[in-house]
Amino acid sequence: MAATFKPLSRRRSSGRLWTYVPMSVLAVFFLFPIVFMLVASLKSDHQIFADMDSLRAFLPVGELSFANYAAVFDRVPFWRFLGNTLFVTFMVTAFGLIVNSMCGYALARMRWKGRGLVFGLVIATLILPFDTTIVPLVYLVANLPWIGFDGLTPVLETGWLNTYRVQIIPFIVNAFSIFLFAQYFKSLPKGLEEAAAIDGAGWLRTYWRIIVPLSKPVFATVAILTVVTSPATWNAYLWPLMTVQSEELRPVMVGVQYFFQLDTAWGEVMAYISMITLPMVIVFLVFQRAFIQSIASAGMKD
Amino acid sequence: MPIPVSSRSAPPAGAGRPAAAPARPAPAAARRRRSHSRTEQRAGAAFAAPGVVLLLVFVIGPAVVSLVLAFTNARLVSPTPPEFIGLDNFERAFTEDAAFHRSLLNTFVFAAVVVPLQGGLGLVLALLVNQRLAGRNIFRTVYFLPVITSMVVVSLLWRFLYQEDGLVNSGLSMITGGAWAGQAWLANPSTAMGAIVVMSVWQGVGFHMIIWLAGLQTIPEEVYEAGALDGTTPWQRFRHLTLPLLKPTFVFVLITITIAAMSLFVQVNIMTGGGPVGSTSTLVLQIVQKGFQQQQMGYGAALSLVFFCVVLALALVQRRLTRDRD
């Protein structure tokens with residue numbers, strides 16, 4: 001018995017080896033820059049370059065300190081930047097969920113005039129890359145009116161530049177989110193609304209009490225895709241670079257600009273980019289299943 | 001909008017609907033349906049309104065404005081109103097603007113390399129982590145990690161790795177036993193774009209691995225069992241069973257990578273600024289430089305329109321090609 005099993009298991013384990021070897025090589029390829037970043041953030045510039053010729057570049061050895069991190073706090077108002085990014089990300093995501101889900105719901109399950117037209121608009125904007133409208137969008141937001149408050153008296157203001165709203169409001173609506181919501185709502189069983197109507201619930205209550213609780217997966221998907229892929233949330237860079245000049249309103253990614261200089265302090269750069277990467281990595285590791293699921297379901301629509 | 005019945009005669013939505021049994025059921029039912037569909041009309045429009053307004057103001061509006069500005073000499077800040085100049089912007093772009101020509105070519109080359117590379121490597125990774133193996137989730141997480149890392153961060157990080165005294169050179173020199181003479185990858189016109197290709201694929205491929213994986217997992221196990229019984233090799237099973245069944249995923253992967261590749265900007269902006277000597281300049285970089293930094297809004301809009309037409313044409317061609325193959 002043992003003799004007949006042995007060759008089989010050996011063959012299998014050598015087969016395994018042949019998949020583990022390329023998989024591990026690939027893993028090294030995907031991990032080495034990130035490991036290097038984290039390790040280098042703890043070293044002085046002198047040591048980073050001294051260690052570059054050996055595997056020490058990836059090992060936390062030698063004189064380690066948080067000096068680079070302390071220097072980052074001296075150079076940029078880190079907590080302010082982080083707070084701005086978190087606030088903008090939260091607002092874009094939260095309002096996006098409300099606005100896009102209601103629009104998707106109206107398109108998927110209600111009959112009203114203009115529905116076909118709106119659906120056409122949503123589909124048309126699906127393939128419109130954000131970059132093609134960015135220049136006129138800057139011009140537009142520079143001239144949009146807004147009602148501000150001076151104490152309690154409302155004041156008509158012009159221009160959205162240098163505000164939080166310019167970082168939030170243009171990015172709430174998203175054609176792909178609307179599309180994902182509409183697809184999901186279409187798959188819900190027919191007759192839900194009729195059953196609710198018999199109980200005397202209006203449209204808003206039906207939506208809020210029945211549809212939303214049944215649709216948690218699509219809400220999670222859209223929230224995650226918004227945070228990971230929107231040009232205005234965690235990764236916002238080009239847009240705030242163009243529209244926000246004052247330091248108090250800047251998000252974390254724009255903060256990298258403070259480190260561009262002739263004689264770059266690479267240890268500080270590594271510390272800063274570690275600081276703006278780790279929060280997202282931790283969130284990802286905690287909610288990994290939901291992340292993977294969201295991206296997978298985004299690809300299943302065709 | 002004409003409303004068929006006076007709104008006052010309508011009962012409040014939902015209220016008193018199945019109340020007392022009506023004396024004449026048929027007309028009551030008809031009235032109920034009508035009022036229901038009218039509240040549905042209004043509720044539907046109201047539900048969609050915020051999204052539609054935002055879409056019109058911040059997406060469609062700027063797109064239309066861009067379309068109009070493309071035929072004018074508008075500037076971002078200007079004392080004189082913009083004038084209609086016909087096709088002058090396009091003429092300038094296609095006949096005079098060498099930087100634009102170079103950028104157009106660079107963008108196409110980048111897409112032509114990245115699309116098969118990232119799509120193919122994504123599929124390979126998906127096939128690897130789709131096996132029943134101990135630790136496959138760890139590998140999946142590792143391959144996906146760069147996607148979570150912002151492109152801004154990745155660009156800065158790799159800029160350092162690509163330096164003459166950076167990690168890429170020291171690694172190559174270690175592997176070749178010191179034979180490799182280091183070079184500054186991003187400062188050399190013949191290697192800068194290749195360097196950006198490698199780091200772009202490194203950052204983005206995990207995303208498409210997940211998309212491929214989702215496609216693979218929709219293929220039922222029985223398909224393979226049937227295939228295995230016929231004595232086929234794994235390659236034949238992959239070629240004749242897996243690949244055809246992955247076609248919808250293939251179309252999605254193809255189009256999304258193409259659009260992302262054509263929009264190449266952040267990496268270039270942070271790593272090279274389009275240099276050296278224009279070797280990494282791209283369409284979007286030109287749009288931002290001309291339209292925003294140099295404030296030539298009309299010209300920037302014209303370039304945007306060219307960019308949009310190119311992306312649209314590519315998407316349509318890809319759809320057509322993948323459809324006809326049936």
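In this predicted model, 90 residues of chain A are in contact with 90 residues of chain B, where contact means heavy atoms within 4.5 Å. Between them the two chains bury about 8,500 Å², with 81% of this area on carbon and sulfur atoms; buried area is the accessible area (1.4 Å probe) that two parts lose on being put together, summed over both. Of the area that chain A buries against chain B, 9% is supplied by Met23(A), Phe30(A) and Val135(A), more than by any other three residues.

Polar links across the interface were examined next. The rule finds ten residue pairs in polar contact between chain A and chain B, both residues being at pLDDT 80 or more. Here a polar contact is a pair of N or O atoms within 3.5 Å; within protein, one must be able to donate a hydrogen and the other to accept it, and residues adjacent in sequence count only if both atoms are side-chain atoms. One salt bridge is found across this interface, that is, a side-chain nitrogen of Lys or Arg within 4 Å of a carboxyl oxygen of Asp or Glu. On the side of chain A that touches chain B, helix H1 (residues 2-40) of chain A gives the most, with 15 residues. Helices are DSSP runs (H or I, at least four residues) and strands likewise (E, at least two), numbered from the N terminus.

Glu40(B) forms a salt bridge with Arg111(A), with the closest N and O atoms 2.9 Å apart. This glutamate, Glu40(B), lies in helix H1 (residues 25-69) of chain B. Glu40(B) counts as buried because its relative accessibility is 2%, the cut-offs being under 20% for buried, over 50% for exposed and partly exposed in between (1.4 Å probe, protein chains only). Beyond four places in sequence, the contacts of Glu40(B) are Arg109(A), Met110(A), Arg111(A), Trp112(A) and Trp203(A).

How confident is the predictor in chain B, and what is its mean pLDDT? The mean pLDDT of chain B is 83, and 87% of its residues reach 70 or more, on a scale of confidence in each residue from 0 to 100. In chain B, helix H3 (residues 98-129) has the highest confidence, at a mean of 94, and helix H8 (residues 221-229) the lowest, at 73. Over residues 1-34 of chain B, pLDDT stays under 50.

Local features need pLDDT of at least 70, and side-chain atom pairs count only at 80 or more, while totals for chains, interfaces and linings use all residues. Side-chain values use heavy atoms, leaving out hydrogens and water, and residues are numbered from 1 along each chain.

Definitions and conventions: Chains are lettered from A and ligands numbered from 1 in the order in which they are written.
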